[in-house]
Amino acid sequence: MANTVEEEILPRERYQKLISSFPLFEGWGPLRIRSYLGFWYPEVHLAGLLAFRDQFKPRDTDIILCSPPKSGTTWLKALTFATVTRKHHELSSRNHPLLRLHPHDCVPLVDEVYWRGQASELENLAAPRILSVHAAYQLLPECLSSSHCKFVYICRDPKDTVVSGWHYLKEMMPETEPVPFTRAFEMHCEGISSFGPLWDHQLGYWMESLRRPSKILFLKYEEVMQDTGKHLRKLAEFLGYPFTKEEEGAGVAEEIVRLCSFEKLKEVEGNKEGDRGYKELAIKNSSFFRKGKVGDWKNHLTAEMAQRLDGIFTEKLSGSGLSF
Ligand code: PAP
């Protein structure tokens, strides 16, 4: 009862004035992004982020999936959810949640829950809570750095991230003139992209994963794609849900890989139909399953563009040990 008044005011109302003071960039068309503590954030997500920073109460058993957008979030959600809940949700069941629900409904995006003013939903989740964020490590609530939560980060070759993001934006705003690809590319090169600069996003989690490897598992989409079984086992081990000998014998890991594959999830009814997301930026559920391939950038970037973006990332990440 003590929080009633606070809860009645939606974060987007409570933080409106503060948010309007953050520098605004309008070069992405209707997708307005604002600069906050060194990162560009979609305006619509900011209220959720601020509420998350102010109010989140971590539990040591929490699992937090982190990613820049369009880097493998949906896939990581499915793999983690299936792995962690395998004792409760029979993998071979035709009623498995991943065959009924979008992976984004199995693992909530924390910003979005706060934006809807439904933070109590998080309190009601059973342990271990599997949550997701697109926020940079540098923007997470301070209480998380001293918590014992486990973080899993996934990112992807920036060239494919740029291409995937551009297609997604077109889907999100079918009514409006799309930002030309060359312009979107330019803004990425300048670091002006949702949740970016992408290199600082990657570096925040990368450096923390080096400092505290038992806290952050750092994954790359391409590596997971190359050997999904190997990385699934690594994920399961890291989260404290390793596959037993009996499970290995029964092919459980392979079953999870199949259940979470692009081909399988793309065909799930709930992933083919309907919309989701913020009211202002609704998007078709199917938009999260476009091609699911490594290297689609070759169909969009010239050799010169590819070289330029690679050069920028090589320079920005130099000395960190992270490369693509
Ligand atoms: P989000 O940040 O908006 O949640 P995210 O899931 O990170 O998006 O990225 C979507 C990309 O992952 C899409 O890539 P594409 O545009 O290059 O095709 C999508 O196809 C791909 N993807 C979604 N599910 C899977 C999966 N199960 N396996 C492999 N790739 C996947």
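Mentor: A sorting rule to begin with: Ala, Val, Leu, Ile, Met, Phe, Trp, Tyr, Cys and Pro count as nonpolar, Asp, Glu, Lys and Arg as charged, and the others, Gly among them, as polar. This is a predicted model: local features need pLDDT of at least 70, side-chain atom pairs count only at pLDDT 80 or more, and totals for chains, interfaces and linings use all residues. Residues are numbered from 1 along each chain as its sequence is written, and side-chain values use heavy atoms, with hydrogens and water left out.

Trainee: How many cavities of 30 Å³ or more are there?

Mentor: On a 1 Å grid over the protein atoms alone, a cavity is a set of points where a 1.4 Å probe fits but cannot get out. Points are joined across faces, edges and corners, and a volume is the space filled by probe spheres set on them. By that rule, the count of cavities of 30 Å³ or more is 3.

Trainee: How do the lining residues of the second largest cavity divide by class?

Mentor: A lining residue has an atom within 4 Å of a point. For the second largest cavity, those are Leu-76, Leu-79, Ile-154, Leu-219, Val-224, His-231, Leu-232 and Leu-235. They split into 7 nonpolar, 1 polar and no charged.

Trainee: Which element gives the most to that lining?

Mentor: Helices are DSSP runs (H or I, at least four residues), numbered from the N terminus. The second largest cavity holds about 60 Å³, and the elements giving two or more residues to its lining are helix H5 (73-84) and helix H14 (228-239). The biggest giver, with 3 residues, is H14.

Trainee: Which residues are closest to the centre of the second largest pocket?

Mentor: A pocket is an open set of points with protein on both sides within 12 Å along at least five of seven lines. Of its 18 lining residues, the closest to the centre are Phe-81, Thr-85, Ala-126, Pro-128 and Ile-130.

Trainee: What percentage of the ligand's accessible area does the protein cover?

Mentor: Start with polar contacts (pairs of N or O atoms within 3.5 Å): a ligand oxygen is 2.5 Å from a side-chain N or O atom of Thr-74, and another pair puts a polar side-chain atom of His-104 at 3.0 Å from a ligand oxygen. Accessible areas come from the Shrake-Rupley method with a 1.4 Å probe. Of the 630 Å² that the ligand has on its own, the protein covers 98%.

Note on methods. Polar contact = N/O pair within 3.5 Å; in protein donor to acceptor, adjacent residues only side chain to side chain.
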